[in-house]
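Here are some notes to read beside the model. Please keep the structure open while going through the points.

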Amino acid sequence: MMGPSHALSGAAVWLAGSWGLNYFAGYEQSPLAIAVGTAVCAGGALFPDLDMSGKVTRNQGGATVARTFGVVSLFFAEVMEKISLGVYHATKLSKDPHRNNGHRTLTHTLPFTALVGWGTTALCTAYGKWAVIGILFFMIGLALRGLFDEWAKRAGWVIVTLVSAAAAYFTFLHLPGDRGYPMLGVAVGVGCFVHIMGDIITSNGVPILWPVPIKRRMWMMIGIPNKIAVKVGGKVETVVLRGAFTVISILSALGLLAPSVLRRFDIEV
């Protein structure tokens, strides 16, 4: 799936999940917490594609999201791709094919998803709001690149970076400082998982069962049959799926915010 679809799916899943927790379990969140969780989950839904390297010195190539912060994020993508490729070669079995790049390997696995979610929570717990502001800056930037793709391309990475920094600092000023912020780790982890589920319905698939060996392959690509697989950039993705994600996001947001708005005007829910 393309970047905007991944980001939209992350936002939709987080908003729908937040509404479900509120409606069925009575777990209420402030509008700021909902907005932050949605942005982080949308950014997390793009994070796994930071394993597609490009030409760092020319600021070219790689996944679109890899150029969110210019050559800095493209260099980060280069490093992640090389790590992923190294892990692939270190763990591959006799039937695994030779690869020249690490795209759709390590970052598209469940252990990586769990590690990123746990690591985010651990950083926030250890370093508090300073870790939070760094994570928010990075994830909001990815979310902007995905959710507002055309605007981000026109604005350029400098504007995206400045907007991300301003949004992260605003949130930093309004979040309490005595919490471990575990929901940030959950949002990042859920976003990565949503990304994997989005790629698994395409023809290429993902190595979701790694590191479980299957038929002398450690990196078995799991996907749905080509006849029903979603074509990347096709109408099913860009019209049907994005339309569904948008509707889910809007309805969930209305369901979350409507009760507080009605209470403000002393209207019984």
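**Notes on helix packing and the core**

1. In H4, Leu-110, Thr-113, Val-116, Gly-117, Thr-120, Thr-121 and Cys-124 meet Pro-182, Leu-184, Gly-185, Val-188, Gly-189, Cys-192, Phe-193 and Ile-196 of H8. Contact means heavy atoms within 4.5 Å. Helices (H or I, at least four residues) and strands (E, at least two) are DSSP runs, numbered from the N terminus. By class, the contact of H4 with H8 has nine nonpolar, six polar and no charged residues; Ala, Val, Leu, Ile, Met, Phe, Trp, Tyr, Cys and Pro count as nonpolar, Asp, Glu, Lys and Arg as charged, and the others, Gly among them, as polar.

2. This is a predicted model, in which local features need pLDDT of at least 70 and side-chain atom pairs count only at pLDDT 80 or more, while totals for chains, interfaces and linings use all residues. Residues are numbered from 1 along each chain as its sequence is written, and side-chain values use heavy atoms, with hydrogens and water left out.

3. The axes of H4 and H8 cross at roughly 160 degrees and come within 7 Å. Axes are lines fitted to C-alpha atoms, for helices over the stretch in contact, and angles run from 0 to 180 degrees between N-to-C directions. H4 and H8 are therefore roughly antiparallel to each other; angles under 35 degrees count as roughly parallel, over 145 as roughly antiparallel, 65 to 115 as roughly perpendicular and the rest as oblique.

4. How are H1 and H8 oriented to each other? Their axes come within 9 Å and cross at roughly 130 degrees, so H1 and H8 are oblique to each other. The residues of this contact divide into seven nonpolar, five polar and one charged.

5. The largest nonpolar core has 44 residues, of which Val-40, Phe-47, Leu-50, Leu-136 and Leu-184 touch the most other members. Such a core is a set of buried Ala, Val, Leu, Ile, Met, Phe, Trp, Tyr and Cys residues joined through side-chain atoms within 4.5 Å. Buried means under 20% relative accessible area, exposed over 50%, partly exposed in between (1.4 Å probe, protein chains only). H5 gives the largest share of this core, nine residues.

6. Met-52 lies in the loop between H2 and strand S1 (54-55). At 28% relative accessibility, Met-52 counts as partly exposed. Leaving aside neighbours within four places in sequence, Met-52 is in contact with Gly-62, Ala-63, Ala-66, Ala-77 and His-103.
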